[in-house]
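Here is a short briefing to read alongside the coordinates.

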2 protein chains.
Amino acid sequence: MANLIAGNAVIGQSGGPTAVINQSLVGVVEGLREHGAGEGGTIRKILGMRHGVRGLIEDQLIDLSAMETERLERIARTPSAALGSTRDKPDAAYCERIFEACRRHDIRYFFYIGGNDSSDTCRIVNELSRQAGYELRCFHVPKTVDNDLVGSDHTPGWPSAARFVAKACMADFMDNISLPGIKINVIMGRHAGFLTAASALARRTDRARSTDGPQLIYLPEVPFDLEQFVHDVATVFDEKGRCHVAVSEGIQDKDGNAIGAMLIQGEVDAHGNVQLSGSGALGDQLAGLLKAKLTPEGGKPPRVRADTFGYIQRCFPDQSEIDMREARGVGRFAARLAVSGDLDGSVAIVRTSTPGPGEAYASEYRRIELSDVAAKTRHMPEEFIDGTNDVTRAFIDYARPLVGDLPQFERL
Amino acid sequence: MANLIAGNAVIGQSGGPTAVINQSLVGVVEGLREHGAGEGGTIRKILGMRHGVRGLIEDQLIDLSAMETERLERIARTPSAALGSTRDKPDAAYCERIFEACRRHDIRYFFYIGGNDSSDTCRIVNELSRQAGYELRCFHVPKTVDNDLVGSDHTPGWPSAARFVAKACMADFMDNISLPGIKINVIMGRHAGFLTAASALARRTDRARSTDGPQLIYLPEVPFDLEQFVHDVATVFDEKGRCHVAVSEGIQDKDGNAIGAMLIQGEVDAHGNVQLSGSGALGDQLAGLLKAKLTPEGGKPPRVRADTFGYIQRCFPDQSEIDMREARGVGRFAARLAVSGDLDGSVAIVRTSTPGPGEAYASEYRRIELSDVAAKTRHMPEEFIDGTNDVTRAFIDYARPLVGDLPQFERL
């Protein structure tokens, strides 16, 4: 074991909560305990920031050092951020305050669980501590339902959200067969389409999208054209008398304008910010458009419905087993790095098996540089995208093992 | 066993699908088989209507007689209506066509799984057959996520939907604690508040709504007042810096006007019918109202989000065990009545235990008259409603055993 500076450790959670972010919190605590944290050890106290770095700079800290294992286990299995989260994106001055708070509380180990903004916070705080000659070990622990962190095969939080999306789309597709019509499901992911793409897992593996839905999947990575959209839906609807569609909340046109913001501009200006999650506006506008365009002359409009999956998709308590294990694992791994001589870093999940049928899933953790993750966004790679409205077999092989067992449905 | 007229049996599914309506379909098939259906028996063929009575009058029938048990079991566990459903509400002339189709196909046993409209169809078809002196045994098998059938303790379909609502609200409340703000969840139930009321199961049993959400629950049975709503939310928000709200899609003002239709009138007129499910409009309008009213002068609007649970709540594949068992049971019981001499009827679920902590849940099935169920709507009884924005302990004791085990969450 490396020479460790004695002091306290602090852990924070940032950004949108997930169904497994508390696994990572508990993983860090466990990892620190395994390496001698506690009364009289090198790592003295294990502190939690209330609502992320906002709580740290305001001295709102909670002592997790003595928390019993059973309670930690229950917290690990609880969705949402148990410490509280924040949307603050610290700039240099804010990071200075974070660093000062670390000094004030004798913190030598800093763990921040979050997305690419959180890794950037770690990076800046780490630089400040180096400049000041104050040894502060800064580790980013990855989390995001968007799966948009670079350097990882996938990110904790996404498999569980993908599981919810797959199960919801499976069942909703059956509902759509029972009472036919056009059904749009709007799915989270402002810049990356991974979560919307998970709707394809609702199809039986051996079937084409002609028999199983969703028949159309629209990702933010592929320029969205309203006329083409109407044409795509009309084609499926004409053939089948129904159509099941998955749409990312982040779809944008060829010039990068968000379709949601364009369609709901009028209403949004009246009430405040452009906001995609926590609103059904995009789905309702697309449904209205389809009704208007697909009503036969003198005839009745088709039955068109839109659901927006909303916050449930990131917090529903039906976590993927692999996701729970890995979310815990990245936290424990970060703690291990910190007490083994590394001064900073993030953790990547590396898949060690080849995606494909019959292949047992395996992965391992690796340290990567904070600057490799910080403030970067990963998008769906080309090999996962099929044309303008579908995903490929390669994506399904990639995603399938991560979400765990799905129910088996039967049709007449 | 009574003297049975030889002939075919037909089964149909009607109205909105549920997560357990296929259990009832399989229950009827099982019940008929147990009593001698099949080749050479009194009940010759077991037929399924494609998309309810619409399929029957159009001779779209499927022969279920020889279907293997394993496949039936898989169908039973699949959400949605496996035979297909319909929204048709037959009038007298339509029922005449149904009766004619029964004669044409030598049908002597008629089972219709659905809500109060379906029991009314059974009632009319049964009268027509009596008038014609054609022995046709007509049975209604109860189903609805709204829980609004009279004569029953509860209705198959509702416990599973209530389970989804409870779990979604549990997790979403934790999300709301993590990233505070005002969160509105819009829940199904146009005339009856039972499903919205199930959001109260998200609270820990031993805690008041001051510690656990949702803090406010709005039912269609209680006149909704927009000013009072804003005041209620502001009071909780001022105290806690957050507020978690469950709203029925069917809320109406003191004169019985639907709030959803009133708020979204402009948009709805442009596209067609007033439509509550499959749209986020009510939630978005309520959220917009709160933002506008609760923005401090010269300040930032509060964070307000609205999710509409949508069709997922009636089909999510995480059924309540009791609901699966009872949905199967009411189907089997209806078949048993039909082959035991009864000419018509519906099936009620009667609770045989007293609701309350520590009481093991028990129920039994009873035959009731079609006219006792037909075209009537049950509402939340007064003893389940607490003031203008909550449910009582009696409701929670009533609902809790039906939804099955809920996850245990832990907080810091």
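**Strands, symmetry and contact**

Strand β4 (residues 107-114) of chain A pairs with β1(A) in the parallel sense, over six bridges. Please keep in mind that this is a predicted model. Chain A and chain B can be superposed with an RMSD of 0.0 Å, and the copies meet through the same surface.

**Around β1 of chain A**

- Strand β1 (residues 7-13) of chain A is largely enclosed by the rest of the structure, because six of its seven residues are buried.

**The sheet in chain B**

- In chain B, seven strands make an open sheet with mixed pairing, in the order β3-β2-β1-β4-β5-β10-β11.
- The edges are taken by β3 (61-63) and β11 (363-368) of chain B; each has a single partner strand, so one side of each is left without a neighbour in the sheet.
- From one strand to the next, the twist averages 25°.
- At one end of the strand order, β3(B) pairs with strand β2 (residues 43-49) of chain B in the antiparallel sense over three bridges.
- In that pairing, B:D63 of β3(B) is the bridge partner of B:L47.
- Helix α1 (residues 21-34) of chain B lies across β1 (7-13), β2, β4 (107-114) and β5 (137-142) of chain B, and runs at about 170° to β1(B).

**How the copies are related**

- In chain A, A:G280 has the C-alpha nearest the axis, 2.1 Å from it.

**Where the chains touch**

- Chain A contributes 54 residues to the contact and chain B contributes 53 residues.
- On the side of chain A that touches chain B, at least two residues each come from α3 (69-76), α6 (158-178), α11 (281-294), β9 (304-308) and α12 (312-315) of chain A.
- α6(A) gives the most to that side, with nine residues.
- By class, that side of chain A has 25 nonpolar, 16 polar and 13 charged residues.
- Of the interface residues of chain A, 98% are also interface residues in chain B, so the copies meet through the same surface.

Definitions and conventions. Residues are numbered from 1 along each chain as its sequence is written. Chains are lettered from A and ligands numbered from 1 in the order in which they are written. This is a predicted model: local features need pLDDT of at least 70, side-chain atom pairs count only at pLDDT 80 or more; totals for chains, interfaces and linings use all residues. Copies are superposed by least squares on the C-alpha atoms of residues with pLDDT of at least 70 in both. Two residues are in contact if their C-beta atoms, placed from the backbone, lie within 7 Å. Two strands pair if DSSP finds at least two bridges between them. Helices (H or I, at least four residues) and strands (E, at least two) are DSSP runs, numbered from the N terminus. Axes are lines fitted to C-alpha atoms, for helices over the stretch in contact, and angles run from 0 to 180 degrees between N-to-C directions. Ala, Val, Leu, Ile, Met, Phe, Trp, Tyr, Cys and Pro count as nonpolar, Asp, Glu, Lys and Arg as charged, and the others, Gly among them, as polar. A residue is buried if 20 or more other C-beta atoms lie within 10 Å of its own, exposed if 12 or fewer, and partly exposed in between; C-beta atoms are placed from the backbone.
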